[in-house]
Amino acid sequence: MFKRLDKKVIGFILLALIFALSYQQHIFAKNTSTQGNVIFIHPDGTSAAHWGATRILYQGADGRLNWDKMSNLAVYLGHMKNQLSATSNGGAVTHATGVKVNADSFGWDENGKPIVALSGKPQTIMEEAISAGKATAIINSGVIHEPGTAAFLAKTASRRNFADITKQIVESGADVILGGGEMWYLPKGVAGRHSTAAQSQRTDNLNLVEIAKKKGYTVVYNRDELLQLPTNTQKVLGIFAADDTYNDDTEENLKKQNLPLYVSTAPTVAEQLDVTLKILSQKRKNFLIVLEEEGTDNFGNYNNAIGCLTALKRADDAVGVAMKFIEKNPKTLLVTAADSDAGGLELVGATEKEFPFDKPLPEKGKNGAPWDGKEGTGTLPFISAPDKQGRRFPFAISWSGFGDNAGGIIAKAHGFNAGLLNGTVDNTDIYRLMYRSLFGKELSR
């Protein structure tokens with residue numbers, strides 16, 4: 001009797017232990033999942049000097065941007081496979097695949113074959129995320145075929161294949177696609193909400209807007225329509241301008257044409273990110289968002305100082321939206337990096353005696369480098385926001401050229417796995433950090 005009872009008791013205890021251990025392992029796995037969300041913000045063409053000038057203008061010498069408040073930073077090394085300065089397309093392909101590529105790559109190698117990513121798959125990190133059932137989004141203040149986001153969803157022989165890139169994006173399966181470039185969605189002769197019939201560019205007779213609708217996308221065309229979207233919207237295509245949502249030209253030319261820096265009806269990238277986060281959060285699965293403020297690069301390449309700094313403030317607002325989301329959703333990584341230094345911007349500070357508030361700046365420095373004031377060359381100086389003592393200071397913006405340089409670029413991270421970013425990082429490490437956070441897998445170089 002006792003032996004039989006002992007066996008029953010022992011059996012019951014063993015079953016209870018097995019159940020308890022299984023339950024504990026389930027809870028442990030649930031609470032320590034290595035997979036999270038990723039938000040990659042790419043303020044194109046921005047170096048530490050760009051961020052510094054933006055800080056001075058909007059927050060003052062003692063103030064801090066959202067970007068400043070991110071927890072981790074590293075010096076970013078951005079050389080390409082065949083040159084030291086990065087291109088927008090080559091840099092984007094490296095971010096999307098974790099592989100060094102030639103400067104002219106848009107997802108293809110020098111032999112005309114698709115790049116095999118560091119994960120071993122012929123897919124970008126976003127394509128792999130879509131295949132794995134994760135939620136995805138791209139956001140761009142420029143045309144939708146801009147490489148900083150488009151290279152995550154498209155591959156082609158040349159970055160100039162705008163129609164093909166736009167088509168691949170619409171067919172990609174991404175949940176949210178936001179940007180400009182309506183002219184590349186519509187056939188020639190077909191007018192849109194922003195594009196005239198003469199502006200529309202497609203020669204294959206495809207209307208990608210109608211194709212997107214058939215794929216289940218809700219199409220919106222301005223800030224109001226975007227902000228009014230229900231959070232349970234499944235797929236969104238936002239088309240906010242015929243071309244870019246900004247007017248990239250010199251201050252002088254914009255003034256002659258009476259054009260603003262940004263299209264007034266287009267949402268900012270911060271507004272686009274806020275709506276995107278609300279929509280993707282409802283899907284209850286990990287997500288990858290890639291956002292590019294392209295105005296920083298394009299205005300910088302035109303040596304338009306106020307345009308460049310305005311664009312970077314918009315990028316910083318998006319950083320703030322992401323950081324606020326992380327407060328309630330800590331398993332989210334925010335990472336920022338540029339791939340180049342547009343125009344070689346530098347801040348030139350001086351006393352009010354040297355730069356009087358009410359007198360135009362010299363057009364050039366002593367070495368011949370052009371200087372910008374707040375309305376362009378030969379205009380009144382920029383005036384900083386107040387410091388802790390309430391003092392404001394005059395400054396100029398100096399330019400080294402019109403192209404993309406290999407300047408002092410800083411990568412930053414915040415939130416989930418942010419501690420993995422430190423010291424000095426290669427451009428391929430941005431992919432590795434995103435992959436680790438999204439898929440929970442460490443990839444060796």
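Two strands count as paired if DSSP finds at least two bridges between them, and strands themselves are DSSP runs of E with at least two residues, just as helices are runs of H or I with at least four, numbered from the N terminus. With that in hand, let us look at strand β4.

First, a word on the model. It is predicted, so to speak, with local features needing pLDDT of at least 70 and side-chain atom pairs counting only at pLDDT 80 or more, while totals for chains, interfaces and linings use all residues. Residues are numbered from 1 along each chain as its sequence is written, and side-chain values use heavy atoms, leaving out hydrogens and water.

Five of the five residues of β4 (residues 176–180) are buried, so the strand is largely enclosed by the rest of the structure. Buried here means under 20% relative accessible area, with exposed over 50% and partly exposed in between, using a 1.4 Å probe and protein chains only. In a regular strand, side chains alternate between the two faces of the sheet. In β4 one side carries Val176, Leu178 and Gly180, the other Ile177 and Gly179, and both faces are covered.

**Nonpolar cores**

A nonpolar core is a set of buried Ala, Val, Leu, Ile, Met, Phe, Trp, Tyr and Cys residues joined through side-chain atoms within 4.5 Å. The largest has 57 residues, and Ile125, Ile177, Tyr185 and Met434 have the most contacts inside it. Helix α13 supplies the largest share of this core, seven residues. Apart from this core lies another, of 38 residues, Leu178 among them. Isoleucine 177 touches residues including Ile138, Tyr185, Tyr217 and Val236, not counting those up to four places away in sequence; contact means heavy atoms within 4.5 Å.

**Helix α3 against α13**

Ten of the ten residues of α3 are buried, so this helix, too, is largely enclosed by the rest of the structure. Helix α3 (residues 88–97) packs with α13 (residues 428–439) at an angle of about 35°, their axes 6 Å apart. Thr94, His95, Ala96 and Thr97 in α3 meet Thr428, Ile430, Tyr431 and Met434 in α13. Just after α3, glycine 98 takes a positive phi of about 75°.

Note on methods
Axes are lines fitted to C-alpha atoms, for helices over the stretch in contact, and angles run from 0 to 180 degrees between N-to-C directions.
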